[in-house]
Amino acid sequence: MIWQSAAEFWAMGGYGVYVWGSMGVSAALLALEVWLARMGRRQALDAVCEAMEAAAEDETDHRSVHAVVPQSLNLHRGQNGTGPSPSHPAAQQTSFTPGAAS
């Protein structure tokens with residue numbers, strides 16, 4: 001289409017209200033989408049930061065409890081300090097036979 005003036009361009013052959021209205025609504029919805037995505041990202045990052053802070057606080061509390069308990073009384077650790085001790089029920093292995101009745 002060729003327009004003779006800027007007014008004809010904005011009028012869009014009598015359909016300017018529909019054309020520019022739909023362009024405005026589309027632009028507003030795209031801007032809303034960007035804003036909502038940023039807000040969602042910010043909320044997700046805040047939730048992750050809160051969870052990490054809570055985990056760090058929990059780890060600090062956990063360490064302070066173990067700092068008070070002597071290593072000889074820590075019955076849930078093996079000889080090297082990691083994992084359950086061999087006498088702990090979690091360390092005992094069980095065998096599983098498919099189809100066998102218990």
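Predicted model: local features only at pLDDT ≥ 70, side-chain atom pairs only at ≥ 80, totals over all residues.
## The overall picture

Let's begin with the chain as a whole. Helix α1 covers residues 6-11, while helix α2 takes in residues 16-68.

How much of the chain is buried? Of its 102 residues, 5% count as buried. The chain exposes about 9200 Å² of surface, and 63% of that area comes from carbon and sulfur atoms.

## A group of aromatic rings

Now look towards the start of the chain. Trp3, Phe9, Trp10 and Trp20 come together as one aromatic cluster. As background, two numbers describe a pair of aromatic rings: the distance of the centres and the angle of the planes.

The model has four aromatic pairs in its count. One of them joins Trp3 and Phe9, with 5.0 Å from centre to centre and 85 degrees between the planes, an edge-to-face arrangement. Trp3 has a relative accessible area of 31%, so this residue is partly exposed. Phe9 is partly exposed too, because its relative accessible area is 29%. Phe9 also pairs with Trp10: the ring centres are 5.3 Å apart and the planes meet at 70 degrees, so this pair is edge-to-face. The cut-off behind that label is an angle over 60 degrees.

## A loop residue with a positive phi

Between α1 and α2 there is a loop, and Met12 is found in it. What is the phi of Met12? The angle is near 50 degrees, a positive value in a residue that is not glycine. For context, most residues other than glycine have a negative phi.

Is Met12 buried or exposed? Its relative accessibility is 16%, and buried means under 20%, so Met12 counts as buried.

Which residues make the nonpolar surface patch of about 510 Å²? They are Val25, Leu29, Leu32, Trp35 and Leu36. Take Leu32 as an example: this residue lies in helix α2. Leu32 counts as partly exposed because its relative accessibility is 40%.

Methods. Residues numbered from 1 in each chain as written. Heavy atoms only, no water. Patch = residues over 30% accessible without salt bridge, like charges linked within 9 Å, V, L, I, M, F, W, Y side chains within 5 Å. Areas by Shrake-Rupley, 256 points an atom, 1.4 Å probe, with all protein chains shown as cover. Salt bridge = Lys/Arg side-chain N within 4 Å of Asp/Glu carboxyl O. Helix = DSSP H or I, 4+ residues; strand = E, 2+ residues; numbered from the N terminus. Buried < 20%, exposed > 50% of the residue type's maximum accessible area, 1.4 Å probe, protein only. Phe/Tyr/Trp six-rings, centres within 6.5 Å; stacked < 30°, edge-to-face > 60°.
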